[in-house]
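Colleague: Before I rely on the labels attached to this model, I would like to hear how each of them was reached. Could we go through them together?

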Amino acid sequence: MLARVANNLFWMGRYIERSEHIARYLNVNYFSSLDAPNQLSQSRQFVLRSMLFMVGDPELDDDKHLLEEHVLYKIGVDHDTPYSIINNVKLARENANSARDLISTELYEAINKFYHFILNYDPAIFVKNGLHDFTLHITEMTDILRGKIRGTLLHDPVYAIIMLGINMERATQVIRIINAKYNDALNSQGGYGDKFSKSFEWTTLLKCAESYDMMRRHYKKTPTSVSTLEFLILNPNCPRSIMNSLNQVYRHIKVLDTTTNYNKNATAFLIGKVRSEIQYKHIEEIECNIQAFIENILNNLSEISLKMEKEFFNY
Amino acid sequence: MTNIENKIFSSYQRDSQLYDEIFDEEGAIKQVYQKLFNLYGEHSIEDYVKLNSKAKSSFFNQGITFQVYGDKETKEKIFPFDLFPRIIDPEEWEIIEKGSIQRSKALNLFLWDIYHDKNIIRDGIVPMDLISSSANYLDQMNGVDPPGGIYNHISGIDVIKHKDGKYYVLEDNIRCPSGVSYVICNRTALKRALFGVFNHYQTYSVTNYAENLLDLLESVKPQGVDIPNCVVITPGMYNSAFYEHSYLAKTMGVELVEGRDLFVENDFVYMKTIKGPVKVDIIYRRIDDQFLDPLEFKSDSAIGVPGLFAAYKKGNVTLANAPGTGVADDKAVYTYMPQIIKYYLDEEPILNNVHTYHCSRPEELKYVLDHIHELVIKPVDEAGGYGISIGNRLSTSEIELVKEQIIESPRKYVAQPIMSLSVHPTYIDETEEFEQRHVDLRTFTVLGKDKEFVLKGGLTRVALQKGNLIVNSSQGGGSKDTWVLKNI
């Protein structure tokens, strides 16, 4: 496979995954805030700020009054915002375009339909009353795309590279979401019954990662800070967890790098190392300094990305 | 008459001056179209409108679109596609197929000759001037032996049916003829919309093009290569034919590369893969000659590969089509085709040539200037239907302007009698009716070492504007699925 095309496929995977997480984040936060148990979590300003924080564009001015329609437009369908959902999907499609000869017709058609759906969605409707419909469509379509990737591509290096992109992005997005909701939980504590460890935000966090039902099944208890973080970071059986994402990344890098020799400069080696570090952590270690842990993970992920670029996408 | 009972064709207006592909002079449906005519007649025009939009969305979802650039967002449009297919019976197809092979072979021998001994010029069959004054003649190709002796691996030959019911060749395209992917997409779209109609006809498949193309390209691999590695090179995803490039690479199962994916070392060509460099032996190039290699041709080409031509000259890589083929699809060379076929193959041309007047010859120039209103004036070196003037459509002042242009550089122009392209019933969006539209047919011929292949089908192009004779997609043309029947 051409190095350039491999790079495009990797990013196709990343953009598909990214658009899903942003869409779900908007949906879950907006709708769970409507009947949230405390005043702050119910406040529209709080939710809008959380959304901007998650996409990496936080509003720094505490006194500024944010307009709902502006924020939704900016994150959802604004062509001029680099991180907007529409631009993510556009880039996913563009990357798919350049590798059209390698991916299946079925996958390409699905991406193409996805793109046209978003392109043709009326922004005025989206910001007024289309949020649920729009974001739900996106999360459903990304599920379809993943299905097409799994079911219509040969499980060869092409597939491995797309899956690398998806799982690298999943790890990145889930840790960003954890960061954002952790931040929300900190900000919303204070009032009666709003203890940090039992904050309503943990439920929202789980829903943002589509893991609430799984978590309930696993712990059979109301989510707390510890159990939520443990589940989303360390549980290898939760498909959205950091642990599982890294396991997947490791599995797929081994398709590209089949050597078994010890090579400390290989990407596979670095991934293995990062993965093992998390594998043998326990939640109390993480919980006492969650901020440092998040930063460390994000650094590790970008280091892996850079290394991958050097080793495989060099053209 | 049948067409009165037929809902869909009830308002079809037949101009008896034109050759209609499906109705004879009396207005009776031709036998080969009878079943199709009845099947389509079962639908109402409302059904048809629905089917039409279904077919359109099929193209749209397949991403077979071209871009229209607007101020904010580039819009995508599909190439107009007509749901009423064109049928070619086995007898007629045999003529087209044999004729296409004959022309492609003759052109190949002609190219070898003019880049080597130039016997045809020495023997006085074609003038030296024809080649020396051609912008597409590449001096660099002089004395170069292309692997397998093939220049025009892929030829797109445009044929039309004239009023007399005979096929004529309008053009030979042997640089980078495009359109083959539309042949296959048209078939796919028609099957999706109206699969039932295929039960009633034995039609040749068109999906075997890629496998045959790869097979024939591999037959002209460079010497000493055991299992050749073939790639398709594209100018990039913003090229208007990118869909076709990716389609060909995908269906041949080879890599689709851009210039920046390749490099040349010690006169061998390599591509940069995730496992390091891999040698490339055969390049189906969809980049024009001038952009192939910045060291040899246009030095500012960003889409080419430095050193590619040197590797080619050494025989280390096959380029399809060979550089410099453009000299033979020049419209001035076209006029010599009967002589060229006779000279190299000692055969009579199977497909007719349209009589052509060379403005470079004084007596013919005089005829052209006197009869412009009944002639089509074509620049010899333009592609895509640009620069064509149709005599009976020009105002007096326009005629004067054309005359001036011809007198200024006679070598640049040829003239032909206005051919009457046959018409085919075509569904027109605006009127929601079937109307007569002019059509042509592009056939695709592939030459390999001692074997050849013609795609049984081809691209029927439709001039969508009423009365328009120019079918190129760059001029607002559409297309139809084309069926070659195994038997009637």
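What follows is a conversation about the labels used for this predicted model.

Colleague: Why is B:W93 called buried?

Modeller: A residue is called buried if 20 or more other C-beta atoms lie within 10 Å of its own, and because B:W93 has 20 C-beta neighbours inside 10 Å, it counts as buried. B:W93 lies in helix α4 of chain B, which spans residues 90-114, and, leaving aside neighbours within four places in sequence, its contacts are B:I88 and B:V484.

Colleague: What makes β14 and β16 of chain B edge strands?

Modeller: The open sheet has 4 strands in the order β14-β17-β15-β16 (chain B), with antiparallel pairing, and β14 (357-358) and β16 (389-390) each pair on one side only.

Colleague: What makes residues of chain B count as in contact with chain A?

Modeller: The C-beta atoms of two residues must lie within 7 Å, and 18 residues of chain B are in contact with 18 residues of chain A. Elements that each supply at least two residues of this side of chain B include α3 (45-62) and β9 (268-273), and by class the side has 6 nonpolar, 5 polar and 7 charged residues.

Conventions:
Residues numbered from 1 in each chain as written. Chains lettered and ligands numbered in written order. Predicted model: local features only at pLDDT ≥ 70, side-chain atom pairs only at ≥ 80, totals over all residues. Pairing = 2+ DSSP bridges. Nonpolar A, V, L, I, M, F, W, Y, C, P; charged D, E, K, R; others polar. Buried ≥ 20, exposed ≤ 12 C-beta atoms within 10 Å, placed from the backbone.
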